[in-house]
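Me: I would like to go through this structure with you, piece by piece. Shall we begin with a side chain?

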Amino acid sequence: MAEIGTDITRAKMLLDSGELVAIPTETVYGLACNALDASAAAKVFAVKNRPEFDPLIVHVPDLQRAHSYVTAIPAKAKLLAENFWPGPLTLVLQKKSLIPDLVSAGLDTVGIRCPAHPLTKRLLETLEYPLAAPSANPFGYVSPTAATHVNDQLGRKIEYILDGGPSFIGLESTIVGFEGDIPVVYRLGGLSLESIEELIGTVRLMSHSSSNPRSPGQLKSHYSPMKTLVTGDVNTLIKQYQGKRLGVLTFKDDYNTGQQIILSATGSLDEAARNLFSALRTFDEMDIEIIIAEFVPETGLGLAINDRLRRASSGLR
Ligand code: TXA
Ligand code: MG
C-alpha cells in the first residue's frame with residue numbers, strides 16, 4: 001500500500017521525478033503529476049483506468065500563475081477567479097501549447113483551478129510547474145474525500161499520499177467555461193450556482209445526460225457506487241424493496257431503519273455535501289443489496305448533491 005503522510009519535500013521529490021502523488025484538496029483528493037510532462041500524465045490515465053478523451057484539471061497556486069498556461073482570461077472569468085480562488089471552481093480557458101495535448105485530451109482549452117487546501121497550496125508554491133490532478137479514484141467511481149479512500153483503491157499503484165484530513169467541501173469543483181461571452185456551467189459542484197450568478201449574472205447550465213459530453217464529468221453514469229442506488233421517497237422505496245437488505249441514505253430525517261446514514265441531522269446542505277461520498281463508500285462496504293436515497297432541497301450545494309445522486313442511480317454495474 002502507499003505511504004500516507006504530510007511530507008511536502010517527499011511529495012515534491014516524487015513529482016519532480018515524474019511520479020504521481022495523491023494530494024488533498026478542499027473538494028476531493030486528487031491524483032497529481034507534473035502537468036507539463038506528458039509521460040507523467042500518461043501514468044495518471046493508466047492508474048485511474050481513465051479514457052484519454054477525458055481531460056485533466058490543472059492546479060495552480062494563484063491567478064497570477066494561471067496566466068502562464070492560458071492565452072486569455074475573459075472579464076467574467078477574471079471576476080470569478082478573483083472572488084472564488086482559492087476555492088472549488090475550475091475555469092475552462094483557451095490553453096497555451098505548453099500544456100500537453102494529453103492533459104487537455106486534444107481540446108484547445110484547459111480546465112484550471114486554484115485549490116484552497118493549505119498543504120497543497122504550500123506544495124504548489126514550491127513547485128516549478130502546475131499539477132494536473134483528476135480525482136484520485138478509479139474512473140467512474142465515487143471521488144475520495146479522505147487519504148484512506150485513496151489508499152483503499154489506488155494504494156497499490158502509487159507510492160505516496162499527502163494527508164490533509166477529510167476534504168472540507170466534499171464535492172468536486174464547479175466547472176465554468178465560456179461559449180463566446182456566455183458563461184456555461186459544465187459540472188455543478190462545490191461552488192453554488194447562486195454564488196456564481198450573484199457575481200456575473202445568469203449562466204447557462206449544460207445538460208447532464210449527453211453521451212458525447214464536452215466534459216466527461218457530465219456522463220450520465222459517473223460518480224457511482226458499486227451497489228444499486230435508487231432515489232425517491234424513502235417510505236415508498238422501503239415498501240417497494242421489502243425483503244432486500246437495504247441501506248437508507250437520508251438528508252436529515254431519521255426513518256428508524258437498521259442501516260441508515262443521515263447526511264446532516266441539522267439539515268445543513270454544506271454538511272450533507274461533506275458527508276455524501278464517504279456515506280456511499282460506507283454502504284458499498286456494508287452487507288446490503290440496495291441503497292435507497294432521498295433528494296435534498298434544490299438550493300445551494302443541494303443542486304450538486306442531487307446531481308451526484310442522479311448519476312449514482314444510473315449506475316456502474
Ligand atoms: O474538485 C475537483 O475538480 C477535483 C480536484 C482534485 O481538483 N478534480 C476533479 O477532476 O474532479 P476530474 O478529472 O475527476 O474531473 C474533471 C472534469 C472532467 O469531467 C473533465 O472532463 C473536465 O473536468 N474538464 C477538464 N478539462 C476540461 C476542458 N478543457 N473542457 C471541459 N471539461 C474539462
Ligand atoms: Mg473524477
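Me: With which side chain does the side chain of Lys95 make a polar contact?
Reply: The side chain of Lys95 makes a polar contact with that of Asp101, at 3.3 Å. A polar contact is a pair of N or O atoms within 3.5 Å; within protein, one must be able to donate a hydrogen and the other to accept it, and residues adjacent in sequence count only if both atoms are side-chain atoms. This is a predicted model, in which local features need pLDDT of at least 70 and side-chain atom pairs count only at pLDDT 80 or more, while totals for chains, interfaces and linings use all residues. Residues are numbered from 1 along each chain as its sequence is written, and side-chain values use heavy atoms, with hydrogens and water left out.

Me: Which backbone oxygen does the Lys95 side chain reach?
Reply: That of Ile99, at 2.6 Å.

Me: And is Lys95 buried or exposed?
Reply: Lys95 is buried, because its relative accessible area is 13% (buried means under 20%, exposed over 50%, partly exposed in between, with a 1.4 Å probe and protein chains only).

Me: Where does Lys95 lie?
Reply: In the loop between β5 (89-94) and β6 (109-113). Helices (H or I, at least four residues) and strands (E, at least two) are DSSP runs, numbered from the N terminus. The C-alpha atoms of Lys95 and Thr109 are separated by 4.8 Å, although these residues are 14 apart along the chain.

Me: Moving to β9, what does β5 do with it?
Reply: β5 and β9 pair in the parallel sense over three bridges, and Leu89 has Thr174 as its bridge partner in β9. Two strands pair if DSSP finds at least two bridges between them.

Me: How many bridges join β9 to β10?
Reply: Five, with the two strands antiparallel; Val176 stands opposite Val185 in β10. β9 and β10 form a hairpin with two residues between them, and Gly180 in the turn has a positive phi of about 65°.

Me: Why is β9 said to be largely enclosed?
Reply: Because five of the six residues of β9 (174-179) are buried.

Me: In what order do the strands of the four-stranded open sheet come?
Reply: The order is β12-β15-β13-β14, with parallel pairing. The edge strands, β12 (228-231) and β14 (260-262), each pair on one side only. Neighbouring strands are turned by 20° against each other on average, direction ignored. Axes are lines fitted to C-alpha atoms, for helices over the stretch in contact, and angles run from 0 to 180 degrees between N-to-C directions.

Me: Which strands does α9 lie across?
Reply: Helix α9 (residues 269-285) lies across β12, β13, β14 and β15, running at about 175° to β13. Helix α10 (residues 302-313) also packs on the sheet, touching β12, β13 and β15, and its direction makes about 130° with that of β12.

Me: What about Ser264, where does that lie?
Reply: Ser264 lies in the loop between β14 and α9. Its relative accessibility is 1%, so Ser264 counts as buried. The side chain of Ser264 makes a polar contact with that of Glu271, at 2.7 Å.

Note on methods
Chains lettered and ligands numbered in written order. Contact = heavy atoms within 4.5 Å.
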